[in-house]
Amino acid sequence: PTLTRTPGAVEANSANLPLFDIVRNMQSIKVDSVPDDIAHTVMFLTSEESYWVTGQGLSVDGGMQFGMP
């Protein structure tokens, strides 16, 4: 996944570098990732609704793979 706005990530960026801005601008979806973004995907993949999903690589990155130069 992309950089996710967690207390640890915010604390690690305590030098106030524009890290979240840089990452956000590299994504197709121009919002910060939050833990629920990842959790919802995990909940789907562990639910009965995903029984037909097999052998897939799933990017949960707000479209970062498409926004990178």
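Trainee: What share of the contacts in the chain with a separation of 6 or more comes from residues 24 or more positions apart?

Mentor: Those residues account for 56% of such contacts, where contact means heavy atoms within 4.5 Å. The model is predicted, so local features need a pLDDT of at least 70 and side-chain atom pairs count only at pLDDT 80 or more, whereas totals for chains, interfaces and linings use all residues. Residues are numbered from 1 along each chain as its sequence is written, and side-chain values use heavy atoms, with hydrogens and water left out.

Trainee: How do you know which elements of the chain have the lowest and the highest mean pLDDT?

Mentor: By the predictor's confidence in each residue, pLDDT, which runs from 0 to 100. Helix α4 (residues 64–67) has the lowest mean, 74, and helix α3 (residues 35–45) the highest, 93. The chain averages 87, and 94% of its residues score at least 70.

Trainee: How many helices and strands does the chain have?

Mentor: Four helices and zero strands, running α-α-α-α from the N terminus on. Both are DSSP runs numbered from the N terminus: helices are H or I with at least four residues, strands E with at least two.

Trainee: Why is the chain called more spread out than a compact globule?

Mentor: Because its radius of gyration is 14 Å, well over the 11 Å that the globule rule gives for 69 residues. The radius is taken over C-alpha atoms, and the rule is 2.2 Å times the number of residues to the power 0.38. Along the principal axes, the C-alpha atoms fill a box of roughly 45 × 30 × 15 Å.

Trainee: What makes Arg5 and Asp32 a salt bridge?

Mentor: Their closest N and O atoms are 2.9 Å apart. The limit is 4 Å between a side-chain nitrogen of Lys or Arg and a carboxyl oxygen of Asp or Glu, so the pair qualifies. Arg5 lies in the segment before α1 (7–12) and Asp32 in the loop between α2 (19–26) and α3, so the pair ties together parts 27 residues apart in sequence.

Trainee: How many salt bridges does a search of the whole structure find?

Mentor: Three. Arg24 meets Asp21 at 2.8 Å, N to O; both lie in helix α2, three residues apart, about one turn of the helix. Arg24 also pairs with Asp32 at 2.9 Å. Shared partners join Arg5, Asp21, Arg24 and Asp32 into one network.

Trainee: Why does Thr41 count as buried?

Mentor: Its relative accessibility is 18%. Buried means under 20% relative accessible area, exposed over 50%, and partly exposed in between (1.4 Å probe, protein chains only), so Thr41 falls in the buried class. Thr41 is in helix α3 and touches Leu58 and Val60, not counting residues up to four places away in sequence. Of the 69 residues, 19% count as buried.

Trainee: Which class does Asp32 count in, partly exposed or buried?

Mentor: Partly exposed, at 21% relative accessibility. Arg5, at 34%, is partly exposed, as is Asp21 at 37%.

Trainee: Where is Val53 found?

Mentor: In the loop between α3 and α4.
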